[in-house]
Amino acid sequence: MNAKTERLERVAKELRRDVIEMIYAANSGHPGGSLSAADIVAALFFDVMKYDAENPHLPERDRFVLSKGHAAPILYAALARRGYFDRKLLNRLRRFGSPLQGHPDSRKLAGVDASTGSLGHGIGNAVGMALSLMLDGSRARVFCLLGDGEIQEGSVWESMMAASHFRLDNLVIIIDNNDLQIDGPVREVMNVHPIAAKLKSFGLETVSIDGHNLDQILDALNTYPCDKPLGIVAHTVKGKGVSFMENNVGFHGKAPNDAEYKQAMKELL
Amino acid sequence: MRATRDGYGEGLVEIGKINKDVVVMDADLGSSTRSFMFKKEFPERFFDFGIAEGAMVDAASGLSYTGKLPYVSSFAVFITGRAFEHIRQSVCYPDNKVFLCGSHSGISVGEDGGSHQSIVDIALMRALPNMRVVVPADFNETRAAVIASLNWDGPTYLRTSRAKSKNIFPDNAGFDFGAKLLKSGSDVTLLSCGLMTQIAIDAADKLGKNGIDCEVINLSVIKPLDESILDSISKTGKVVTLEEHSVIGGLGGAVSELTAEKLPVRMLRIGINDRFGQSGSADELFKHYGLDIESVINKIDEFMRR
Ligand SMILES: Cc1ncc(C[n+]2csc(CCOP(=O)(O)OP(=O)(O)O)c2C)c(N)n1
Ligand SMILES: [Mg+2]
């Protein structure tokens with residue numbers, strides 16, 4: 001623990017508060033998978049990634065693809081705090097005419113590098129971006145965040161295969177391993193384990209970390225494998241930070257009611 | 001007021017009791033599609049494939065090859081889009097008896113936005129040889145279609161909605177493939193399916209007061225199309241289609257293909273005009289895309305004046 005990780009932990013808590021505020025205001029959205037990814041997103045947007053919010057289309061920027069697009073609130077929270085848009089917009093999540101669509105829309109919001117929502121597509125987009133940047137001789141990296149349920153899609157593994165076939169060492173694939181999907185625990189609905197061994201066998205340099213430990217997150221993101229993509233299996237808790245949302249499949253895609261909202265904000269002080 | 005997706009769930013439970021070969025599959029959306037109603041009654045005949053729609057549809061085909069009666073669901077956008085090639089190769093090409101249900105169709109899913117709004121599923125499914133396409137207008141019709149489907153051969157696509165709507169048909173109406181006359185009229189024929197049938201009924205009511213006498217026909221079976229609609233169209237000489245779907249390739253597409261060849265008439269297709277959906281409440285989106293009652297009345301009124 002040092003000054004940097006302490007700062008990032010504070011940031012992550014702020015992002016979590018924004019997530020709850022936004023979803024409460026919208027009265028719909030996905031808190032569970034937004035909260036589980038908060039520490040990873042904080043590390044990426046507030047330390048690791050190189051970009052310029054003033055100049056969101058800079059070709060040499062690092063890219064972030066939210067393959068698990070339903071966690072849009074955590075991405076919007078980070079973009080707002082980094083100055084991509086006015087924070088007042090956050091309470092327009094999912095509203096008619098808002099750039100903050102239910103799932104990230106690259107046409108409507110600068111800072112969204114790829115439109116996602118249907119699971120299992122973001123990773124392929126990330127592979128294409130990494131290929132393109134490599135062709136250009138760019139030093140930029142591409143970060144892609146997937147859900148552990150999402151990786152049940154076959155297309156995910158087609159993209160993993162391509163990523164290591166093309167030796168995309170500018171690509172970082174992060175699995176938010178929170179053990180839940182919609183119909184229940186991932187292991188019970190459709191077991192995808194062992195995840196790390198699968199990534200490894202697909203040719204990725206693979207590390208497993210505690211996805212809420214910022215030291216471990218930073219260490220992992222600052223790994224630079226040679227000639228192969230990096231895979232990070234981040235063990236997380238769905239709903240992390242709000243006691244009654246933690247490990248609760250019911251809060252995958254449900255907004256908190258008034259009392260739950262107050263309780264959540266109290267816990268995130 | 002009940003949603004058509006609930007009709008799917010209840011229908012599944014009924015046929016599960018009637019035939020022990022009925023198996024139900026879902027892709028991590030069982031509570032939303034209502035297939036969980038079947039899981040609750042017959043857990044051993046329910047298979048969750050996780051988020052793997054393509055593999056699920058191929059497996060449904062395998063179950064069908066070996067004598068089972070698979071009923072397979074997900075959101076409309078994923079089952080018809082994500083698994084399209086699986087449906088084409090494994091279900092339609094061998095003409096296997098597989099029943100596909102796409103829930104949360106159209107723009108009425110609202111806040112999730114354009115990535116989740118299914119506006120081309122009817123077009124995709126209708127273009128496949130052997131596929132039957134059913135877009136029921138209410139809970140009762142949906143439930144009846146699922147029960148009747150035990151006796152159908154080959155593949156079926158059933159499109160359901162999340163939004164609740166009024167029952168239009170009685171609960172003992174049964175189900176056949178015929179177009180259903182809901183109101184007779186002499187000036188124009190309105191053909192509709194899904195949630196748009198209630199809007200067609202309400203619009204006809206209002207238009208009647210303005211002197212436009214609409215004939216309203218529920219056309220929930222988009223394929224095979226009941227060509228008896230031509231009788232109504234030749235009587236009124238004008239046809240309007242209403243669907244919560246792109247104007248390309250769906251109900252409007254099917255009807256215009258038929259009339260262009262057999263009975264060219266003036267036609268208006270009410271639907272989504274070749275655009276993607278977006279986030280918003282169902283009401284806001286219906287208004288924006290011109291599917292709410294006011295827009296529908298204005299469009300038909302203008303069409304009748306032209
Ligand atoms: C292709 C596809 N099928 C189904 C869905 C519906 N859906 C949205 S989120 C979700 C569960 C995702 O679980 P996971 O990837 O573990 O995400 P997390 O737990 O991080 O929220 C499902 C099935 C979808 N968005 N895309
Ligand atoms: Mg998960």
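1. Ligand 1 lies between chains A and B. This is a predicted model, where local features need pLDDT of at least 70, side-chain atom pairs count only at pLDDT 80 or more, and totals for chains, interfaces and linings use all residues. Residues are numbered from 1 along each chain as its sequence is written, chains are lettered from A and ligands numbered from 1 in the order written, and side-chain values use heavy atoms, without hydrogens and water.

2. The shell holds 24 residues, each with a heavy atom within 4 Å of the ligand. Lys68(A), His70(A), Asp148(A), Lys238(A) and Glu53(B) are the closest. By class, six are nonpolar, ten polar and eight charged. Here Asp, Glu, Lys and Arg count as charged; Ala, Val, Leu, Ile, Met, Phe, Trp, Tyr, Cys and Pro as nonpolar; the others, Gly among them, as polar.

3. Oxygen atoms of ligand 1 make polar contacts (N or O pairs within 3.5 Å). His70(A) places a polar side-chain atom 2.7 Å from a ligand oxygen. Gly149(A) uses a backbone N or O atom, at 2.8 Å. For Asn178(A), a side-chain N or O atom is 3.0 Å from a ligand oxygen. The protein covers 99% of the 590 Å² of accessible area that ligand 1 has on its own (Shrake-Rupley method, 1.4 Å probe).

4. Now the chain contact (heavy atoms within 4.5 Å). Chain A supplies 26 residues and chain B 24 residues. About 1900 Å² is buried between them, with 48% from carbon and sulfur atoms. That area is the accessible area (1.4 Å probe) lost on putting the two parts together, summed over both. On the chain A side, Phe96(A), Glu153(A) and Asp183(A) lose the most area to chain B, together 35% of what that side buries.

Terms used
Polar contact = N/O pair within 3.5 Å; in protein donor to acceptor, adjacent residues only side chain to side chain.
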